[in-house]
Amino acid sequence: MDNMVASNNTLTAYDKGPGRITAGPSGRKPRRRLSRRNIIVYGTLIVVALYYLLPLYVMIMTSLKGMPEIRVGNIFAPPLEITFEPWVKAWAEACTGLNCDGLSRGFWNSVRITIPSTIISIAVASVNGYALANWRFKGAELFFTILIVGAFIPYQVMIYPIVIVLREMGVYGTLTGLVIVHTIFGMPILTLLFRNYFAGLPEELFKAARVDGAGFWTIYFKIMLPMSLPIFVVAMILQVTGIWNDFLFGVVFTRPEYYPMTVQLNNIVNSVQGVKEYNVNMAATILTGAVPLVVYFVSGRLFVRGIAAGAVKG
Amino acid sequence: MTSVSVRDLSLNFGAVTVLDKLNLDIDHGEFLVLLGSSGCGKSTLLNCIAGLLDVSDGQIFIKDRNVTWEEPKDRGIGMVFQSYALYPQMTVEKNLSFGLQVAKIPQPEIDKRVKRASEILQIQPLLKRKPSELSGGQRQRVAIGRALVRDVDVFLFDEPLSNLDAKLRSELRVEIKRLHQSLKNTMIYVTHDQIEALTLADRIAVMKSGVIQQLADPMTIYNAPENLFVAGFIGSPSMNFFRGAVEAKDGRSFVRVNDVAFDVTTYPAHTGLQPGQKVVLGLRPEHVKVDEAREGHEVHQAVVDIEEPMGADNLLWLRLAGQSMSVRIAGQRRYPPGSTVRLTFDMAVASIFDAVSENRL
């Protein structure tokens, strides 16, 4: 009987819902927009963002001015007369040494270096990582340790031995040689990346595939690969930006006609003959940096979408 | 006819021995449950049978064929995993047919088997969906289906219900049992859940640190546990244990625990008890009668400490012989804390273990 009364009370309480609210705090807690906390947080962020964006602003403005306007000296002022002349010159006419065909040659060299290096290094490293994570073969730990230690040896130590090795292979000074070097130097960090990612996938999935009769390559292509889009995008960002921005290997291991864009940029900007064409230099620099920038914007979004789509979850 | 036979199986990881000369024979069509707490080697044993782990020593036979060195796919097994392990990028249909396609089975045959499995498990409406669009119960059904389409003689289950909530678990438990009754395959089922073990198994192998403690049918395991570990592991709440010493008086045998002497003359093996022997007396909560004095049974008084009503049952926690014990009575019989109850014990169904060897007497 007591129970009956209790449940009746609850029912009526629900019925009367709206009228029961009394004076005092109720509902969502109000927050002030201009609180001290918000001012500090957003203030700091805005200052830092400006600090990073200011150089880019100056570069773009300068690259759109003609030389007479630059000589006036106000680097922050927007151009009075917009001209795309410096961009055209940087791309197609600027001289490095004897060649006067601008950055375009370096751009295509860089493309021919970056694309194969990225594809080959990611393909090999992902298989490495998969084998190390899922097929624990004899000596796997030792192999992995050696690979990781390799990542900590300074590049400078290895430059001359690599020159000799490439010479003996007959690919010194060619794009092929540089692609081989980039592929090898990307191996430790990429293998680590892929191994850790594959090790994080549920082990039972791998076991289920083995019971289903799938072998090494079938599991890799049919099970692991489709689940690993995010890590492939991460690896691609790392490789494309790393290889595109490389200067040292490009200048050491190739001949002038194969110089990548970064080396050519340096040669244009640092040329000592004639007047310093600041507008051309700025345009050339932006052009060189454009590729990594685009990669970040495009694939960064893809990356986030990959995770959000639950591609990782089993 | 044996379906699966494990002979002198040993497995070491470096210096750590997980399984040591383990022997196990499973009959054709038998439902065998490997039961134990985590780390007891039950999943390891299952993985060895599946061929997912290489054994260090010993042999494994499936259908009288030595499969010790065979690949998992060649052993004639299907396996269901705790985390379902469905391929996330494939539809349910693809999940079911993947193994068959790898084995290059002709498409009409694949379609036939997928159709049959999905009918048995009632997952036809789900065939075009991705695993992420399924509930836990549906996912595990698909995982069972993946074993089903392989048309194998031996099913291996690795804690298949542990990721499900209680209600689904009991539903799927019934379904697995129904499946076994209709298919009559050999099933080896790993779990740490004693209810699953007791309800499903033809025989249970209770394991502890890589050793099978007892291998018997569920009722034997429950009523006549071979040692203290099995007795304590099976049953919820656990069996009540009283450590004491044997006394003999007037042709009757007693186990004395502090100030209480339990008359164990009706215990089937009481003649084997030596006076002065240190023993552990085990009493299941439901083998104690409360306020039902019976002819020839001695009566003990105890005070109710805590009452746990569970609907159908009512669990009383009492103090007796200086320790806490649990008693299970019918749900409608209520005893508020502090009330005094009169207990009688049915020693014919009790268990007595040697305190040193911990084996049943």
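Helices (H or I, at least four residues) and strands (E, at least two) are DSSP runs, numbered from the N terminus. The model is predicted: local features need pLDDT of at least 70, side-chain atom pairs count only at pLDDT 80 or more, and totals for chains, interfaces and linings use all residues. Residues are numbered from 1 along each chain as its sequence is written, chains are lettered from A and ligands numbered from 1 in the order in which they are written, and side-chain values use heavy atoms, with hydrogens and water left out.

**Stop 1: loops of chain B**

Select Asp151(B), in the loop between helix 4 and strand 7 (154–158) of chain B. Asp151(B) is not a glycine, yet its phi is positive, about 55°. Next select Lys184(B), in the loop that runs between helix 5 (166–183) and strand 8 (186–191) of chain B. Lys184(B) is not a glycine either, and it has a positive phi of about 60°. Then go to Pro237(B), in the loop between helix 8 (228–233) and strand 11 (240–249) of chain B. The peptide bond to Pro237(B) from Ser236(B) is cis, with omega near -5°.

**Stop 2: helices 2 and 4 of chain B**

Select residues 92–102 and 136–148 of chain B, which are helix 2 and helix 4. They pack at an angle of about 25°, and their axes are 8 Å apart. Axes are lines fitted to C-alpha atoms, for helices over the stretch in contact, and angles run from 0 to 180 degrees between N-to-C directions. Angles under 35 degrees count as roughly parallel, over 145 as roughly antiparallel, 65 to 115 as roughly perpendicular and the rest as oblique. Helix 2 of chain B and helix 4 of chain B are therefore roughly parallel to each other.

Show the side chains of Val92(B), Asn95(B) and Leu96(B) in helix 2 of chain B; they meet Val142(B), Gly145(B) and Arg146(B) in helix 4 of chain B. Contact means heavy atoms within 4.5 Å. The residues of this contact of helix 2 with helix 4 of chain B divide into three nonpolar, two polar and one charged. Ala, Val, Leu, Ile, Met, Phe, Trp, Tyr, Cys and Pro count as nonpolar, Asp, Glu, Lys and Arg as charged, and the others, Gly among them, as polar.

**Stop 3: helices 7 and 8 of chain A**

Move to chain A and select helix 7 (residues 155–169) and helix 8 (residues 175–200), which pack at about 135° with axes 11 Å apart. The contact of helix 7 with helix 8 of chain A has eight nonpolar, one polar and no charged residues.

**Stop 4: helices 5 and 10 of chain A**

Select helix 5 (residues 104–134) and helix 10 (residues 216–224) of chain A, where the angle is about 105° and the axes are 11 Å apart. Helix 5 and helix 10 of chain A are therefore roughly perpendicular to each other. Among the residues in contact are Tyr130(A) of helix 5 and Trp217(A) of helix 10.

**Stop 5: between the chains**

Show both chains: 17 residues of chain A are in contact with 26 residues of chain B. Across this interface of chain A and chain B, the rule finds two salt bridges (a side-chain nitrogen of Lys or Arg within 4 Å of a carboxyl oxygen of Asp or Glu). Glu71(B) forms a salt bridge with Arg210(A), and the closest N and O atoms are 3.5 Å apart.
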